[in-house]
Amino acid sequence: MNKYLALGALFIVFVFSWIVWPTAGVPILAYHQVSEEDDIYSVTASQFEDQMKYLQENGYHAISLEDLFKSYQGQGKLPEKPVVITFDDGYEDNYLTALPIMEKYSMRATVFVVPSLVGTTEYLSWQQVSALEERHTEIGSHTMSHIALNEISPEEQRHEIEDSKTVLQQHIGKPVVFFAYPYGQFTGTTEQILREAGYQGACSGVAGLNRSSTDVFALKRVNVPHPKYGLWEFRLRLFRAHLYSKLGL
Ligand SMILES: [Zn+2]
């Protein structure tokens with residue numbers, strides 16, 4: 001009987017170790033707004049601060065997608081527990097509210113901007129886009145007009161993908177090589193168009209972590225919507241992505 005107990009205990013220890021042992025996978029967090037708005041895509045400033053504090057206290061280091069890609073290409077080593085923090089759509093609060101909090105906890109982010117929304121109510125101005133870039137935020141494209149790419153022709157996709165890159169580059173004076181699919185949607189030809197336009201990678205809406213073997217035009221993300229259960233939900237979302245990565249999902 002004791003033998004079975006010992007075997008059982010050993011098995012539990014094994015499973016537990018397997019679960020908590022770190023993976024090589026890198027989480028890419030997906031945010032939209034940091035505001036007091038009662039919206040599923042908005043986290044409040046205090047919730048966001050709790051999350052950034054949690055990341056810092058637990059040894060996470062925020063890196064850019066450029067850092068991640070350089071490490072994949074064998075140039076440069078990633079810090080311990082790397083995390084990429086992304087924002088879709090380019091809301092003004094990313095600059096006004098999220099940036100000061102991230103700076104307080106030594107974090108940085110990638111913001112996917114929609115040029116046709118820049119300067120409109122609630123969205124970043126071009127001046128703020130440049131200011132974000134100057135304060136170590138990586139700027140990516142999220143199409144010209146925030147359209148679902150699976151609903152338009154390849155020619156229209158090309159316009160959305162190429163023109164947004166050109167306009168963003170003109171404003172920030174730096175190459176824009178990362179992209180996020182609006183609504184997570186794309187077609188079989190989208191990757192080719194992105195490659196031809198000079199993009200290096202694109203973020204999808206698929207949940208999980210990223211390794212060097214992950215399709216660079218379908219990078220996985222950990223969605224962070226408005227939490228119903230406080231910081232525990234954030235921790236659970238990170239843990240779930242870790243578990244998916246363990247299981248090879
Ligand atoms: Zn979007």
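In this predicted model, the zinc ion has three protein donors, D89 (OD), H142 (NE2) and H146 (NE2), which lie 2.1 Å from the ion. Donors are N, O and S atoms within 2.8 Å of the metal (3.2 Å for Na, K and Ca), and sites may look incomplete because water is not among the atoms. Along the chain, the zinc donors follow the spacing D-x52-H-x3-H. Both H142 and H146 are buried, a term that means under 20% relative accessible area, with exposed being over 50% and partly exposed in between (1.4 Å probe, protein chains only).

Residues are numbered from 1 along each chain as its sequence is written. Local features need pLDDT of at least 70 and side-chain atom pairs count only at pLDDT 80 or more, while totals for chains, interfaces and linings use all residues; side-chain values use heavy atoms, without hydrogens and water.

The second largest pocket has a volume of about 380 Å³. On a 1 Å grid over the protein atoms alone, a pocket is an open set of points with protein on both sides within 12 Å along at least five of seven lines, and lining residues have an atom within 4 Å of a point. Points are joined across faces, edges and corners, and the volume is the space filled by probe spheres set on them. The lining of this pocket comprises 18 residues, of which H32, Y41, D88, Y183 and G184 lie nearest the centre. Strands β5 (82–89), β9 (201–207) and β10 (219–223) each supply at least two lining residues; strands (E, at least two residues) and helices (H or I, at least four) are DSSP runs numbered from the N terminus. By class, six lining residues are nonpolar, eight polar and four charged. Here Ala, Val, Leu, Ile, Met, Phe, Trp, Tyr, Cys and Pro count as nonpolar, Asp, Glu, Lys and Arg as charged, and the others, Gly among them, as polar.

Strand β10 contains L219, which counts as buried because its relative accessibility is 0%. Beyond its neighbours within four places in sequence, L219 is in contact (heavy atoms within 4.5 Å) with residues including I28, L65, F69 and A202. The C-alpha atoms of L219 and V206 are separated by 7.6 Å, although the two residues are 13 apart along the chain. T137, in the loop between α5 (126–134) and β7 (138–141), is buried because its relative accessibility is 3%.

Helix α6 (residues 154–172) has 19 residues and reaches 27 Å from its first C-alpha to its last, close to the 27 Å expected at 1.5 Å a residue. The expected span is 1.5 Å times one less than the number of residues. Among the buried residues of α6 are Q157, E160, I161 and S164, and the buried residues of this helix pack against β6 (110–113), α5, β7, β8 (178–180) and α7 (190–197). G173 follows α6 and has a positive phi near 65 degrees. In helix α8, the buried residues include E233, F234 and L238.

Most residues other than glycine have a negative phi. S106, in the loop between α4 (92–104) and β6, has a positive phi near 55 degrees. S106 counts as exposed because its relative accessible area is 59%. Phi of E122 is also positive, near 75 degrees, and E122 is partly exposed at 37% relative accessibility.

Methods: 1 Å grid on protein atoms, 1.4 Å probe; cavity = no way out; pocket = protein on both sides within 12 Å on 5 of 7 lines; lining within 4 Å.
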